[in-house]
Amino acid sequence: MTGQTITQETADTAERAPVTQSRAARELGLKRGEFELAVMLGRIHTVSDAIGGRRRVTREEIERVRAGEGFPEAWMERIRAVGTTEGAALMNISTARFTRLTRAGFVTPVKFYLNRYRAVVWLYLAEELKHFAESEVNASLLTGRAPGTIRAQLDAGVDLRARNWRGRHAGALLRQSNDPWERAAAVASLLDPVQIAEIIRDPYERAYVRRLMPQSFGQGAPESPAGRIIEKITTADDPDEIRWLRANLTIGLSQARGERPAPRPAPKPAPHPAPGTIPTSRAELDAGASPRPAPHHEAPRAAQPDEGKGGRPPEPRGLLKWMRRRGA
């Protein structure tokens with residue numbers, strides 16, 4: 001195989017490789033928000049990045065979307081999101097009634113953003129609002145006085161928009177991947193850090209799950225006023241919702257561990273003892289102590305000819321003669 005052929009094959013492989021979401025949006029002629037909404041609704045499928053970065057889009061998927069019926073006009077209409085005023089007009093009701101229906105949970109937001117006054121603006125799928133208004137089952141909710149149970153809930157301050165959005169968002173994230181660790185990270189992204197730490201005790205697993213979490217909504221730093229508002233919306237606060245998320249995270253972690261362990265640093269090789277050393281105790285080795293030098297054993301000294309019984313040397317002969325003379 002010639003070098004030119006290898007180069008051509010490499011170029012072809014790079015051309016067919018999955019692209020970033022921003023590039024896919026440009027090639028499809030979509031704005032960032034439109035592309036993200038299409039992904040959340042399952043209209044555009046993404047794949048995991050091999051190196052653990054943000055999810056990407058294959059060339060085949062871009063071609064499939066382009067070849068879809070009615071692309072781009074009819075396709076864009078199916079992902080059109082509208083606010084309260086336009087939504088009420090589509091359903092032919094007042095904005096006040098529309099807001100009551102959304103707060104009571106009859107209509108679920110599809111996305112949100114903060115305006116320049118840091119007020120939360122909820123958006124709804126135009127296609128869903130039309131279907132809701134056309135259904136005979138909902139006719140009593142669009143005219144006349146609202147049922148007493150709904151009025152009581154609204155008077156008590158019930159607002160299910162954030163909770164319903166989180167449920168929809170969680171479902172969208174879970175549909176995007178079949179990888180058990182990514183699915184566990186999707187569920188964990190809706191819990192506060194304390195809840196996550198209680199469930200994921202292993203620090204390496206916790207770090208891996210954090211790395212796989214979907215990117216946060218980039219409207220302000222985490223500790224800024226806007227960041228705190230977004231954190232409140234995206235973090236579960238209802239007891240039933242928290243129990244459901246914790247149970248799903250526990251099950252998801254069990255499945256993920258069975259699939260593969262979370263990555264962790266490679267163990268350090270054990271040091272080899274230097275020549276002339278012996279190992280220390282197990283406790284010392286665990287504490288990182290250096291091996292002790294081996295004791296030096298001297299060869300036994302040979303007994304001298306003049307050594308007496310018991311290994312003591314005899315008294316000098318001259319001293320013995322002198323003592324005898326004194327005794328005499």
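Author: Helices are DSSP runs of H or I with at least four residues, strands are DSSP runs of E with at least two, and both are numbered from the N terminus. The model is predicted: local features need pLDDT of at least 70, side-chain atom pairs count only at pLDDT 80 or more, and totals for chains, interfaces and linings use all residues. Residues are numbered from 1 along each chain as its sequence is written, and side-chain values use heavy atoms, with hydrogens and water left out.

Reader: How many helices and strands does the chain have, and what share of its residues is buried?
Author: The secondary structure comes to 18 helices and 5 strands. A residue is buried under 20% relative accessible area, exposed over 50% and partly exposed in between (1.4 Å probe, protein chains only). Of the 328 residues, the buried share is 31%.

Reader: Which backbone oxygen lies 3.0 Å from a polar atom of the Gln 21 side chain?
Author: Gln 21 is in helix 2 (residues 21-28), and it counts as buried because its relative accessibility is 12%. Leaving out residues up to four places away in sequence, Gln 21 touches Phe 35, Thr 46, Arg 54, Arg 55 and Val 57, where contact means heavy atoms within 4.5 Å. A polar contact is a pair of N or O atoms within 3.5 Å; within protein, one must be able to donate a hydrogen and the other to accept it, and residues adjacent in sequence count only if both atoms are side-chain atoms. The backbone oxygen at 3.0 Å from the side chain belongs to Arg 55.

Reader: Where is Pro 72 found, and what is the omega of the bond that joins it to Phe 71?
Author: Pro 72 is in the loop between helix 4 (59-66) and helix 5 (73-77). The peptide bond from Phe 71 to Pro 72 is cis, with omega at about 5°.

Reader: What is the relative accessible area of Asn 92?
Author: Asn 92 is not a glycine, yet its phi is positive, about 60°. Its place is the loop between helix 6 (84-91) and helix 7 (95-103). Asn 92 counts as exposed because its relative accessible area is 70%.

Reader: Which strands form the open sheet, and in what order?
Author: A general point comes before the order. Strands of a sheet pair through backbone hydrogen bonds, either parallel or antiparallel. Two strands count as paired if DSSP finds at least two bridges between them. With antiparallel pairing, 3 strands form the open sheet in the order 1-3-2.

Reader: Which residue is the bridge partner of Val 82?
Author: Strand 1 and strand 3 pair in the antiparallel sense over 2 bridges. In strand 3, Val 82 has as its bridge partner Tyr 124.

Reader: Which helix packs on the sheet, and what angle does its direction make with that of strand 2?
Author: Helix 15 (residues 225-234) packs on the sheet and touches strand 2 and strand 3. Axes are lines fitted to C-alpha atoms, for helices over the stretch in contact, and angles run from 0 to 180 degrees between N-to-C directions. The angle between helix 15 and strand 2 is about 160°.

Reader: Which residue in the turn between strand 2 and strand 3 has a positive phi?
Author: Strand 2 (111-114) and strand 3 (120-125) have a loop between them, and 4 bridges join these antiparallel strands. They form a hairpin with 5 residues between them. The residue with a positive phi, about 60°, is Arg 118.

Reader: Which residues are on the covered face of strand 2?
Author: The uncovered face has Lys 111 and Tyr 113, and Tyr 113 has Val 121 of strand 3 as its bridge partner. The covered face has Phe 112 and Leu 114.

Reader: How many residues apart are Phe 98 and Tyr 124, which form an aromatic pair?
Author: Phe 98 and Tyr 124 are edge-to-face, 5.2 Å centre to centre with 90° between the planes. Phe 98 is in helix 7 and Tyr 124 in strand 3, so the helix and strand definition places this pair in distant parts of the chain. Their separation is 26 residues.

Definitions and conventions:
Rings of Phe, Tyr and Trp (its six-membered ring) pair if their centres lie within 6.5 Å; planes under 30 degrees apart count as stacked, over 60 as edge-to-face and the rest as tilted.
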